[in-house]
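Please look it over before the dialogue begins.

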Amino acid sequence: MESKKKASAHKTDWFFGLNGTATFFVSLVLILVVCYINNTIKNAVPTYFQHVIVNCLLNAVLALGLNFISGYLGQTSLGHAVFFGIGAYTTACLLKYTGLNFWVSIPVGMIAAALAAVPLALSSLRVKGQFLIVITYAFCEIFRYICINTPALGGNGGLAGIQSPLVFGTKITKIAATNKGGYMILLFLMVSAVSYFTWRVERSRTGYAFHAIREDEIAARAMGINIKYFKVLAMMISATICAMAGSVQAAFATMVSPELFSSAKSIQILTFVVIGGRMSIKGVILGAALLTILPEFLHSIKDMFSMSFDPWTILYGILLVVMMRVRPQGFWGKKDVEAEEEEA
Amino acid sequence: MVDFLQQVINGLAQGGIYSLIAIGWTTVFGIVGIINWTHGEIYMLGAYAGWLITTYAHLPIIPSLLLSMVLGAFIAMAVDEIGYRPLRKKGVLAATGFITALGLSQTIRYSASAGFSPNPKAYPVLVNQELITLVSIGDKKITISSVHLIVLFSAVVIMSLLELFMKKTLTGKAMLAASQDMQTLRLMGVNAESLIKITFAISGALGAAAGFFIGMLYYINPMMGALAGLKGWSCAILGGIGSIAGSLVGGIILGIVENLTAGYISTGYKDAIGFMVMILVLLIRPSGLMGYRFEEKV
């Protein structure tokens with residue numbers, strides 16, 4: 001399992017002499033082999049592990065999405081669960097009320113999230129730094145309350161009973177022996193596509209504009225970069241990527257609930273990026289994987305010693321504090337942050 | 001009309017508590033320049049300190065309030081010592097302070113949850129609950145509960161004392177100066193570190209007092225810090241960062257607006273209204289109702 005994740009991450013940073021395409025194919029073969037073994041030998045890969053893998057990939061998409069805002073644009077956002085939730089709720093509502101195809105609902109969710117991103121992006125033009133963080137937080141909370149209080153959106157309980165999507169007439173859950181295989185492949189392709197997209201943006205005119213805005217907004221403006229355009233663009237890209245993950249989440253869990261909008265989720269997405277390493281595609285994917293596997297591991301410790309509380313929730317905070325002290329740029333991050341500070 | 005006034009009166013005590021939290025936020029923000037995300041957690045711990053003191057030591061209201069304020073002050077100073085001071089020394093507080101605060105608040109919240117159990121706790125009865133009639137119009141009466149009255153009164157007293165401290169003592173004046181320009185103050189020979197510690201102590205004491213008061217009104221639980229902290233921050237923004245009177249006004253307005261929302265629109269949106277107010281104020285008039293125009297801190 002681990003090797004698959006690592007491979008997909010190396011794709012972008014070209015480790016072990018492999019180039020992007022080669023890494024992609026290696027990891028694709030790996031994931032297909034896993035699915036094949038799973039189909040032929042019963043219980044070769046426990047369902048629980050498959051569930052964790054799907055979550056890792058899902059979180060990787062979210063982390064890649066936030067990376068545009070918190071990485072390239074250098075704004076901390078504590079409300080990215082809002083786009084995740086909008087994607088999930090759009091898919092859920094479309095599937096439930098209009099009976100639309102799942103694949104059509106993904107772009108609709110992406111558009112909805114992109115529209116929701118506009119006010120947030122515009123407020124980032126007026127308000128900066130820590131005040132922006134509270135705005136993003138409050139924005140997400142407001143959506144949560146709207147979902148809780150709207151009966152059509154299912155209220156506190158959310159919407160349940162979302163049908164699993166069809167691939168060429170076959171249910172995605174029926175592709176592999178266990179119902180997770182199809183999602184594994186789908187999400188893997190999604191992570192690859194988003195990584196490739198990120199990698200291309202990073203080296204494009206747009207990417208350089210983001211970089212300039214992050215380093216010095218006033219200087220960037222003086223160079224003739226349209227700050228408003230690029231800030232809105234970054235927020236929209238970020239929102240659409242997160243909404244994509246949300247749509248898959250809705251289908252995978254077969255339900256949506258207001259918990260998707262919880263601040264805990266937003267904080268989780270932010271920590272994937274911060275712990276993994278801002279602006280590093282490999283870093284954020286590995287950060288998401290690490291912070292998905294580690295809590296599961298600690299859950300088992302909790303069960304083993306039959307503790308009354310979850311040790312992960314406490315360790316999580318300590319990890320953040322220590323990380324900021326020892327390695328503020330994240331595990332796989334570039335030394336960018338420190339260098340910036342020394343200059344300042 | 002009578003119902004409306006009654007709703008307004010009901011919101012006052014809650015508003016007073018919000019104001020106390022708000023001042024805790026803004027004092028630290030003014031001087032250290034970061035949003036102290038752990039403030040909600042200090043408020044929660046203050047409530048638990050009060051609960052321990054009143055339940056197990058059976059102290060009367062004033063000594064237990066003072067004791068929990070002292071404890072809150074120490075907790076806040078410990079947070080600064082463990083979390084922010086090392087970063088300040090390295091000069092990376094602006095970039096890493098927020099994540100550190102986030103981590104600390106997570107740790108404190110869930111440690112408290114592990115230690116005190118997530119079940120809600122109630123304070124013993126400290127003041128006899130009775131309804132005091134303020135005015136009677138016809139056969140309808142506008143009443144205020146004695147507990148609410150005491151909470152509101154104490155909150156205003158604490159804030160007035162703080163205002164006096166800021167205006168009359170040298171330390172208070174130094175704090176005001178520090179919120180304007182820390183660099184120059186250092187050149188004037190003020191010990192910045194001890195000033196920051198005092199700021200955290202005051203902030204912690206106010207947070208703990210707010211927690212104590214909330215314990216007198218409602219059940220307390222380890223998760224209550226997050227929402228209350230954010231609401232305190234919205235009050236601070238509404239009233240204007242750095243202004244004690246502004247925080248008082250902001251807090252009372254939010255308390256009343258929340259109660260009116262619950263009464264006339266929907267109880268479900270009661271908690272959301274504070275966030276909407278905060279976003280609107282930040283976008284339309286970032287200096288708040290009574291604050292001075294602050295310099296961009298990040």
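The dialogue below takes a few features in turn.

Q: What should I know before I start?
A: This is a predicted model: local features need pLDDT of at least 70, side-chain atom pairs count only at pLDDT 80 or more, and totals for chains, interfaces and linings use all residues. Residues are numbered from 1 along each chain as its sequence is written, while chains are lettered from A and ligands numbered from 1 in the order in which they are written.

Q: How many residues does helix 2 of chain B have?
A: Helices are DSSP runs of H or I, at least four residues, numbered from the N terminus. Helix 2 of chain B has 19 residues. From first C-alpha to last, helix 2 of chain B reaches 26 Å, close to the 27 Å expected at 1.5 Å a residue. That expected span is 1.5 Å times one less than the number of residues. Just after helix 2 of chain B, H58(B) takes a positive phi of about 55°.

Q: How many residues of helix 2 of chain B are buried?
A: A residue is buried if 20 or more other C-beta atoms, placed from the backbone, lie within 10 Å of its own; exposed if 12 or fewer; partly exposed in between. In helix 2 of chain B, 15 of the 19 residues are buried, so this helix is largely enclosed by the rest of the structure.

Q: How do I describe two packed helices?
A: Give the angle between their axes and the distance between the axes. Axes are lines fitted to C-alpha atoms, for helices over the stretch in contact, and angles run from 0 to 180 degrees between N-to-C directions. Helix 2 (residues 39-57) and helix 4 (residues 93-116) of chain B pack at about 25°, with axes 9 Å apart. The two are therefore roughly parallel (angles under 35 degrees; over 145 is roughly antiparallel, 65 to 115 roughly perpendicular, the rest oblique).

Q: Which residues of helix 2 of chain B meet helix 4 of chain B?
A: Contact means C-beta atoms, placed from the backbone, within 7 Å. G40(B), E41(B), M44(B), L45(B) and Y48(B) meet S105(B), I108(B), R109(B), A112(B) and F116(B) of helix 4.

Q: How many residues of chain A are in contact with chain B?
A: 35 residues of chain A are in contact with 39 residues of chain B. The largest share of chain A's side, 14 residues, comes from helix 6 of chain A.

Q: Is A220(A) buried or exposed?
A: A220(A) counts as buried, with 20 C-beta neighbours inside 10 Å. A220(A) sits in helix 9 (residues 217-222) of chain A.

Terms used. Two residues are in contact if their C-beta atoms, placed from the backbone, lie within 7 Å.
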